[in-house]
Amino acid sequence: MPIFHYLLQLQKCAKHRSAASTKQLHAHFFKLGLTHFLPLLNTLVNVYAKCNLLQEALQLFVEMPQRDHVSWATILTAQNQANFANKTLSMFPFVFSLDRLLPDDFIFASLVKACGSLGVAKQGKQVHGNFLVSPFFNDAVVKSSLVDMYAKCGLPDDGRAVFDSIKLKNMASWTAMIYGYARKGRKKEALELFLMAPLKNLFAWTALISGLVKSGNGLDAFDLFFEMRREGISIIDPLVLSSIVGASANLAMLELGKQVHGLVIRLGYESCMFISNALVDMYAKCSDILAARDVFSRMSRRDVVSWTSIIVGAAQHGRAEEALSLYDKMVANGVKPNEVTFVGLVHACSHVGFVNRGRELFKSMIEDYGIRPSLQHYTCLLDLLGRSGYLDEAENIINSMPFKPDEPTWAALLSACKHYGNAKMAIRFADHLLSLKPQEPSTYILLSNIYASSGLWERASKARHLLETLEVRKEPGYSYVDFGKEGQVFYAGEKPHPMKDEIFGLLKELDVEMRRRGYVPDTSCVLHNMEHQEKERQLFWHSERLAVAYGLLKSVPGTLIRIVKNLRVCGDCHTVLKFISDIVRREIIVRDAKRYHHFKDGKCSCNDFW
């Protein structure tokens with residue numbers, strides 16, 4: 001039978017992703033002695049990869065008696081498509097050392113794609129350099145891949161230099177360059193290039209919108225998404241929906257997220273796994289963990305991202321037992337956890353004080369799954385130990401771990417020292433922290449808080465002065481309350497507002513009832529050296545209290561109130577919100593800079609660990 005027939009058979013296997021038929025054909029080739037015919041073997045490697053049989057593809061590739069450029073391009077592409085970009089790069093040196101081949105345009109394109117996926121600009125520039133001195137230095141496809149790589153590495157100017165050198169630009173290079181500018185928040189340049197693009201199709205819109213979402217410009221992304229819909233652009237690919245769901249999550253705009261979810265259903269993309277994963281993440285971040293769980297339970301297929309999204313969501317909402325139970329089910333279903341899964345699990349333990357379980361998970365990550373702990377894993381473990389009062393153990397780990405502690409790591413321990421009143425250790429940690437020249441204003445505020453809570457007002461004032469000389473400023477505290485079609489932002493302090501009198505009146509009524517029930521204002525979080533009564537007045541006008549009062553006045557009685565706060569909720573406001581939830585018999589959910597708080601019947605889901 002002619003070779004051409006077998007090549008057609010393999011194409012059918014690839015089209016239908018038929019793993020069994022592919023293996024049968026391979027066995028048949030072996031019997032017929034066709035395992036030396038290179039084009040047939042190259043095709044077989046490709047088909048194995050398309051059938052998600054990467055190990056079989058690799059095994060066949062290694063056993064091939066000879067390999068050419070097509071062989072290498074095929075296996076490197078297969079590694080990329082299986083999300084093993086690091087293996088693509090690690091295999092590259094063997095192209096020459098094993099087969100004495102220099103990379104061609106297809107191999108260069110695979111290498112550049114791998115660098116872009118990993119965000120490794122240094123290696124990407126090395127590949128770029130090799131490409132420039134090769135015979136393929138003017139290949140438009142490789143250049144488009146380079147534009148995409150530089151965009152993903154956050155280097156749009158390098159990408160623009162390559163983009164401008166392409167004589168005949170395809171839409172892939174245009175969309176990559178648009179995305180590169182948008183991803184860096186360079187909206188003007190992104191829009192200008194978008195308007196210049198020869199074709200404003202769905203993929204150009206997606207590049208612009210997804211890039212803006214990545215750079216934190218979610219509102220701009222939504223405006224453009226609505227404009228795209230008005231333009232009648234058909235959503236033939238769901239990636240833009242995934243991006244806009246992500247924008248809803250970042251902005252904590254639940255009602256917008258629900259509308260996008262409705263659109264996903266109408267367009268028939270609800271069965272798309274990465275869309276469902278995004279929806280799970282969105283609902284969790286918008287403080288509707290029940291809706292997140294509902295989407296997750298309806299998924300017909302789940303991957304590690306699906307499980308990790310719901311586990312992290314449960315952890316963030318203080319549902320540690322649920323997060324740990326989901327993890328057990330994940331493992332039982334044969335899904336291997338990844339690095340992010342363990343960040344969520346140790347984080348879950350941290351906020352409820354499950355110290356022993358957290359230690360066990362950290363150990364299991366290393367010994368059972370071969371995952372090397374990152375600095376983020378160590379930070380979560382240190383946070384767990386610090387919050388639970390194991391400060392000496394935490395200090396031993398920070399001195400022995402294979403990473404130099406960064407600002408969040410020291411800040412977590414400094415916060416724990418403040419909580420447990422260990423001023424001596426706090427000052428020692430503060431010295432390390434200050435040597436890093438922190439970028440976060442909240443870090444300096446934390447140091448100032450430590451002095452202030454000990455009544456060392458002169459030192460607190462000195463810390464404040466240092467904050468000013470280092471030219472960092474504390475971000476003004478604000479809280480956003482969302483009613484779907486209506487939302488309001490409140491800043492701390494007595495700011496003008498049309499309903500100021502009604503808000504003040506309700507807060508006074510609640511204050512009287514709270515004091516009757518035993519509430520005593522905790523003024524330790526007020527840094528300034530002032531009279532006790534004035535400190536209480538400052539606490540009274542914190543933004544989350546104003547947002548809650550407004551929510552109670554404007555929302556339908558009995559409905560849940562959702563608030564997003566940009567800073568950590570202070571200890572006194574946390575107590576106040578517990579009292580209010582009990583007095584008015586309403587559930588209040590607050591997403592602050594640290595976690596989610598579900599206040600109900602005088603209790604909080606965080607169990608006062610936050």
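Leaving out neighbours within four places in sequence, isoleucine 209 is in contact (heavy atoms within 4.5 Å) with Ala221, Leu224, Phe225, Met228, Val240 and Ile244. A second, separate core of 32 residues includes Ile503, Met514, Phe540 and Val548. A nonpolar core here is a set of buried Ala, Val, Leu, Ile, Met, Phe, Trp, Tyr and Cys residues joined through side-chain atoms within 4.5 Å. Buried stands for under 20% relative accessible area, exposed for over 50%, and partly exposed for what lies in between, using a 1.4 Å probe and protein chains only.

The largest nonpolar core has 155 residues, and those that touch the most other members are Ile75, Ile209, Phe225, Met228, Ile235 and Leu241. In soluble globular proteins, nonpolar side chains tend to be buried together.

## Before you read on

This is a predicted model, in which local features need pLDDT of at least 70 and side-chain atom pairs count only at pLDDT 80 or more, while totals for chains, interfaces and linings use all residues. Residues are numbered from 1 along each chain as its sequence is written, and side-chain values use heavy atoms, with hydrogens and water left out.

## Helix α18

Helices and strands are DSSP runs numbered from the N terminus (H or I of at least four residues for helices, E of at least two for strands). How far apart are the end C-alpha atoms of helix α18? They are 18 Å apart, in agreement with the 18 Å that its 13 residues (273-285) should span at 1.5 Å a residue; the expected span is 1.5 Å times one less than the number of residues.

Ten of the 13 residues of α18 are buried, so this helix is largely enclosed by the rest of the structure. The buried set consists of Met273, Ile275, Ser276, Asn277, Ala278, Leu279, Val280, Met282, Tyr283 and Ala284. These buried residues pack against α16 (239-251), α17 (254-266), α19 (289-298), α20 (304-316) and β5 (596-600). Phenylalanine 274 also has its place in α18, but is partly exposed, with a relative accessible area of 37%. Not counting residues up to four places away in sequence, phenylalanine 274 touches Pro238, Leu239 and Ser242. Just after the helix, serine 287 takes a positive phi of about 70°.

## Helix α21 and its link to α19

Helix α21 (residues 320-332) has 13 residues and reaches 18 Å from its first C-alpha to its last, close to the 18 Å expected at 1.5 Å a residue. Its buried residues are Ala320, Glu322, Ala323, Leu324, Leu326, Tyr327 and Met330, and they pack against α19, α20, α22 (339-350) and α23 (355-367). After α21 comes glycine 334, with a positive phi near 80°.

One of the residues in that buried set, Glu322, forms a salt bridge with arginine 293, the closest N and O atoms being 3.0 Å apart. Arginine 293 lies in α19 and glutamate 322 in α21, so the pair ties together parts that are 29 residues apart in sequence. Arginine 293 counts as partly exposed at 27% relative accessibility.

## More salt bridges

A salt bridge is a side-chain nitrogen of Lys or Arg within 4 Å of a carboxyl oxygen of Asp or Glu. By this rule the count comes to 25 salt bridges. Among them, lysine 152 and aspartate 148 meet at 3.1 Å, N to O. These two are four residues apart in helix α10 (residues 140-152), which means they are separated by about one helical turn. Lysine 152 is partly exposed at 31% relative accessibility, and aspartate 148 is partly exposed at 26%.

Arginine 585 and aspartate 601 also pair through their side chains, at 3.3 Å, N to O. This pair links distant parts of the chain: arginine 585 is in the loop between α33 (571-584) and β4 (588-591), and aspartate 601 is in the loop between β5 and β6 (603-604), 16 residues apart. Arginine 585 is exposed, with a relative accessible area of 58%, whereas aspartate 601 counts as partly exposed at 43%. Salt bridges that share partners join Glu513, Arg516, Arg517, Asp582, Arg585 and Asp601 into one network.
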